[in-house]
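Subject: Structure for you to look at

Hello,

Here is the structure I said I would pass on. Please open it next to this message as you read.

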Amino acid sequence: MKINSGAINELSAFLEQAQMEGARLICYYEEDTHFDKHEIETFSNDYDAREYYYETATDVDQCSIAPLVPVLEAIKVLQQSVAALEGREGSVSFPFDIPLIVEQYQLKEKLKASIMSENIEKTTEEKTIEEKMLPLEKRFKFSGMGDISREELKRNLIEGQPSFHVGLKGKIDEVMTTLDALVKLSKKGEYYPQSYDLTIHPEGQPSYSRNYEFKRSLPVHTLNEDGSEKVDWINSTITRKEAFNQMMGRAVNKDYVFENKDDPKKNRKFNAWEYIDYTKPAVDGKHPIERIYDFDMDKKMEGYQFKFANKNEEENFIPSLKRGNCQSVINVNADGSTDLVYFLANPRGNEMKVFDKNMNEILLSIKAERNVAEGLPSQPDQTQPGQQTGQDLNSSVNEGLSVSNNSDANVQQDVSKDVTVQEGQTQTSGQQVNDNSNIPFNESLSGSNTLSVAEQKDNATDVKPQTEQIQMAGQQPSQDSKKTLKEGMAGGGDPGATVQKEKKSKKRSRGI
């Protein structure tokens with residue numbers, strides 16, 4: 001069968017009109033040499049089409065039924081071809097095999113349906129993966145690991161393994177670190193981060209690793225002033241930066257929950273400072289974690305007057321110290337002058353350590369400042385007895401020694417702000433400092449050999465410089481250091497008890 005180019009426009013208009021009127025089938029005669037509108041009939045349902053077929057079919061003329069849509073579509077394609085031939089004389093006949101046209105159309109529709117089905121499945125799968133990624137990304141971001149590769153996370157979720165690892169590499173306070181997080185699949189089919197290993201690689205020092213768990217949030221029920229119940233959700237996960245600060249020898253303040261599994265409404269919140277005790281022997285290569293519950297940092301900060309650049313800087317000052325950072329601030333002296341100083345919480349020594357702009361530890365006593373303002377005698381040198389300056393400390397490090405009273409040359413800057421303080425360089429407050437001095441695991445926060453500011457003033461003549469070898473991670477203490485440790489950790493290893501015993505001993509020695 002063929003179709004004449006001169007009849008294409010007329011056929012197209014006829015079939016379009018029939019389609020608009022509800023027709024979806026056509027009947028035509030197979031023996032006709034040309035496809036013509038006068039030789040075809042259109043029907044809206046299969047029953048009428050078949051009835052016409054049986055009534056008109058003879059031994060000579062065989063009637064066939066075909067769907068209208070593929071035939072109309074083929075005619076429209078030919079219509080475009082005829083338009084390209086416009087201007088030529090005479091008509092052109094095109095082959096028009098209706099069974100073949102219908103077969104190709106059905107094949108095309110099947111292929112289209114298959115592709116659409118795959119796209120729907122893919123879209124559904126991607127949507128499911130995105131839904132699974134959201135809680136994971138939220139937990140990682142909350143824990144200071146928001147830079148974990150999203151593509152790596154997505155690839156592992158698509159693979160659908162019961163557990164997988166994702167990594168993160170980068171510098172914190174100029175120290176290279178690597179992080180390896182373990183993600184597991186729960187019985188409910190949900191992925192959750194279980195734990196992570198943080199490894200620090202200080203230049204010129206052995207690498208050191210610790211494992212930290214991702215804690216789940218626990219409810220704590222309390223009452224408002226009006227008697228209504230309030231629920232606070234507490235999550236005590238140690239963040240990446242907090243873990244780094246701990247591994248560098250500092251203490252971190254967190255809220256914890258004493259969980260009552262029988263009755264969650266009886267859960268109780270408590271607060272503690274947590275640090276790694278490098279003075280105690282390592283078990284399985286890991287030094288123990290210790291907690292201090294009675295260090296009141298807010299009370300230690302009373303009497304100081306600070307000048308902040310803005311409200312945000314003021315609000316972030318205390319939280320930054322609680323995260324274990326060494327935070328800079330503009331201190332206002334009693335005479336009205338100002339100095340840039342750095343504060344670092346030292347719960348184990350029951351004190352706040354203070355450093356000047358060159359990272360030398362100083363005695364920033366309110367009483368001493370008032371004496372200066374009133375013209376009374378004051379200490380000419382604010383360096384603590386037995387304390388080394390930054391230059392002397394670097395020299396001691398090269399010899400493998402450190403001073404227990406001032407081995408905190410490891411004062412770190414927050415990962416978000418890398419600021420190195422140099423002599424003569426101007427710096428604003430609200431920043432953390434980074435001066436590693438090649439001491440990755442220091443005992444700057446040790447309370448066993450550290451006196452309070454008042455005690456150092458009262459016993460300035462009795463305090464002598466002391467040195468002890470740096471005890472590296474995983475290294476067993478020597479016999480001498482063990483002896484010193486036992487003497488310093490009197491009172492069952494309780495830092496608070498140690499300080500109290502030292503105070504009582506000194507009072508007795510003075511006849512008080």
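Below is what was found in it, taken by topic.

The model is predicted: local features are given only at pLDDT of at least 70 and side-chain atom pairs only at pLDDT 80 or more, while totals for chains, interfaces and linings use all residues. Residues are numbered from 1 along each chain as its sequence is written, and side-chain values use heavy atoms, with hydrogens and water left out.

Overall
The protein has 13 helices and 20 strands (DSSP runs numbered from the N terminus, H or I of at least four residues for helices and E of at least two for strands). Of its 512 residues, 41% are buried (buried is under 20% relative accessible area, exposed over 50%, partly exposed in between, with a 1.4 Å probe and protein chains only). Taking contacts (heavy atoms within 4.5 Å) between residues at least 6 apart in sequence, 57% join residues at least 24 apart.

Helices α1 and α3
Two packed helices are described by the angle between their axes and the distance between the axes. For α1 (residues 8-20) and α3 (residues 68-84), the angle is about 145° and the axes are 9 Å apart. Axes here are lines fitted to C-alpha atoms, for helices over the stretch in contact, and angles run from 0 to 180 degrees between N-to-C directions. The crossing of α1 and α3 is left-handed, meaning that the near helix is turned anticlockwise from the far one by less than a right angle; clockwise would be right-handed.

Tyr 53
Tyr 53 lies in helix α2 (residues 46-56). With a relative accessible area of 24%, Tyr 53 is partly exposed. Leaving aside residues up to four places away in sequence, Tyr 53 touches Gln 62, Cys 63, Ser 64 and Ile 65. Cys 27 is 26 residues from Tyr 53 in sequence, with 7.3 Å between their C-alpha atoms.

Leu 153, Asn 156 and Leu 157 are buried in α5 (residues 150-159). Seen down the axis of α5, these buried residues fall within an arc of 100°, so they line one face of the helix (the arc is that of the directions from the helix axis to the C-beta atoms). At the start of α5, a side-chain oxygen of Ser 149 comes to within 3.4 Å of the backbone nitrogen of Glu 151. Just after α5, Gly 160 has a positive phi of about 70°.

In α6 (residues 240-247), 8 of 8 residues are buried, including Arg 240, Lys 241 and Glu 242. Gly 249 follows α6 and has a positive phi near 100°.

Glu 174, in the loop between β6 (163-172) and β7 (175-185), has a positive phi near 65°. Its relative accessibility of 42% makes Glu 174 partly exposed. Asn 350, in the loop between β17 (338-346) and β18 (351-355), has a positive phi of about 55°. Asn 350 counts as partly exposed at 28% relative accessibility.

Regards

Key. A polar contact is a pair of N or O atoms within 3.5 Å; within protein, one must be able to donate a hydrogen and the other to accept it, and residues adjacent in sequence count only if both atoms are side-chain atoms.
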